[in-house]
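Have a go at each before reading the solution.

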Amino acid sequence: MTTERERIAALDADLVKASKGIKVLSHLGWPKNCANEFIESHQRGEARLPEIRYAKVSFADERRALKKVMERCDRSHPVEDFIHKTARSYDRVAELIENLGTPRFRDLSVAIYGSPKDAVAVDHTTTLHAAQRLMESTRDFAQRCAHDEADYCVTPEAVAAALRKECEFFTGHDIQVVVDPSLSAKAAAGALRIRIRGGTCFTDDDTAQLLHHELFVHSLTALNGREQPVLQSLGLGAPRTTRTQEGLALFAELITNSIDINRLRRIAARCVGIDLALDGANFIEVFRYFLATGQTDSESFSSAQRVFRGGDVRGGVPFTKDAVYLQGFVRIHNFLRDAIGSGKLDFPHFLVAGRLRASDVPRLEPFFRSGLIASPRYEPPWLTRRSSLTAFLLHSSFTNELHLGSRSASLGEEPEEAAKV
């Protein structure tokens, strides 16, 4: 008779095999010279939409295999339900890649990653509204902290070298850090390889952000997932986990004091850029929006490219993935706060055992306790300091519950000591 462990291991192995060849970002790349050509034409006052063509892709075999895995899952069992959801997530993103450049790509992107108009708070504040408020409230300050082209003096090779040194943290694993000129994002991390965007330069702030975001979250959770004795699908980067992954990575930047105002504004501006594109703005219009926020020509191109990669530069068909950063950050903050507040001190620990959604952790808790799912081999340094994490989250909750008054009032004169009577 097949045991629970054997059944789950078999389903998991088939899921890993079926999803192995389904990658997202590698299918969304643009030509190497595209950025220079566009920026030069824009500076001449002759900007033209980039000419982007995507190869036709079919994942018919993989999708059939994924559907067979889903059909075999008993969804009343939390682990098998996790496998089902992961297989379904890969099936949807496979369809997304099969529809590059089409309106169907937009619809699937919104279904998988959400949109800026999704609610991000209990009062139904949308991600877009939160992003716009962040952009407005930081405008004056950002003008004094803005980067210009001269600040982008750190080479990709220097960033890669700095990250390689930190890879020594992962004893027993050889993580490669390489420079990739074809990458649209500043970096992309897998379990054993981190790619740094070539053909561009970075600021001093970028290195610390990439360290805590890419290495100590994305690579770390993927490595922990690969170390699982049974549920090795926890090492996969299923799209359903993207919101949690990016939220956790952004939280890591904040708690390690690695984030800066420019980084926050870039993240918020991407939400606005996605919304503009959803409403029909084309690549040039979105590029000019990023310029107006204070980004340089090269950064504005990269930001607009992130919005339109896989979509249609004429407008209306963006890639909405970057809307998950603010959504994920709020959810991770609340997850960690609620876990600490309710005495579930192991929940943050379980969260980095692989690529999970925060909502998976409570359902899978019994299987962490039983040993079917192993505890993580590695933890980010900030997470090992439980007392500091608890203090940070309790302080956040405490200040949120207080009526702190307006910003201008807090800068006013304080009451003098009462006279003795």
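Before starting, a word on angles: axes are lines fitted to C-alpha atoms, and the angle between two of them runs from 0 to 180 degrees between N-to-C directions. Keep in mind that this is a predicted model.

**Exercise 1.** Work out how helix 11 and helix 12 are oriented to each other, and what makes the contact.

*Solution.* Start with the axes: those of helix 11 (residues 261-278) and helix 12 (residues 283-292) come within 10 Å and cross at roughly 155°. Angles over 145 degrees count as roughly antiparallel, so that's what this pair of helices is. Next, the hand: helix 11 passes helix 12 in a right-handed crossing. Now list who touches whom. Helix 11 brings Ala 269, Arg 270, Val 272, Gly 273, Leu 276 and Ala 277, and helix 12 answers with Val 286, Tyr 289 and Phe 290. Sort these contact residues and you get seven nonpolar, one polar and one charged.

**Exercise 2.** Find the buried residues of helix 8 and say how they're arranged around its axis.

*Solution.* In helix 8 (residues 156-166), pick out Pro 156, Val 159, Ala 160 and Leu 163 as buried. Then look down the axis: the buried residues fall within an arc of 100°, so they line one face of helix 8. Finally, check what lies over them: the cover includes strand 1 (176-180), strand 3 (193-197) and helix 9 (204-226).

**Exercise 3.** Is Arg 266 buried or exposed?

*Solution.* First locate Arg 266: look in helix 11. Its relative accessible area is 7%, and buried means under 20%, so Arg 266 is buried. Leaving out residues up to four places away in sequence, Arg 266 touches Lys 186, Asp 206, Gln 209, Gln 295 and Glu 299.

Conventions. Residues numbered from 1 in each chain as written. Predicted model: local features only at pLDDT ≥ 70, side-chain atom pairs only at ≥ 80, totals over all residues. Heavy atoms only, no water. Helix = DSSP H or I, 4+ residues; strand = E, 2+ residues; numbered from the N terminus. Parallel < 35°, antiparallel > 145°, perpendicular 65-115°, else oblique. Left-handed = near helix turned anticlockwise from the far one by under 90°. Contact = heavy atoms within 4.5 Å. Nonpolar A, V, L, I, M, F, W, Y, C, P; charged D, E, K, R; others polar. Buried < 20%, exposed > 50% of the residue type's maximum accessible area, 1.4 Å probe, protein only. Arc of directions from axis to C-beta.
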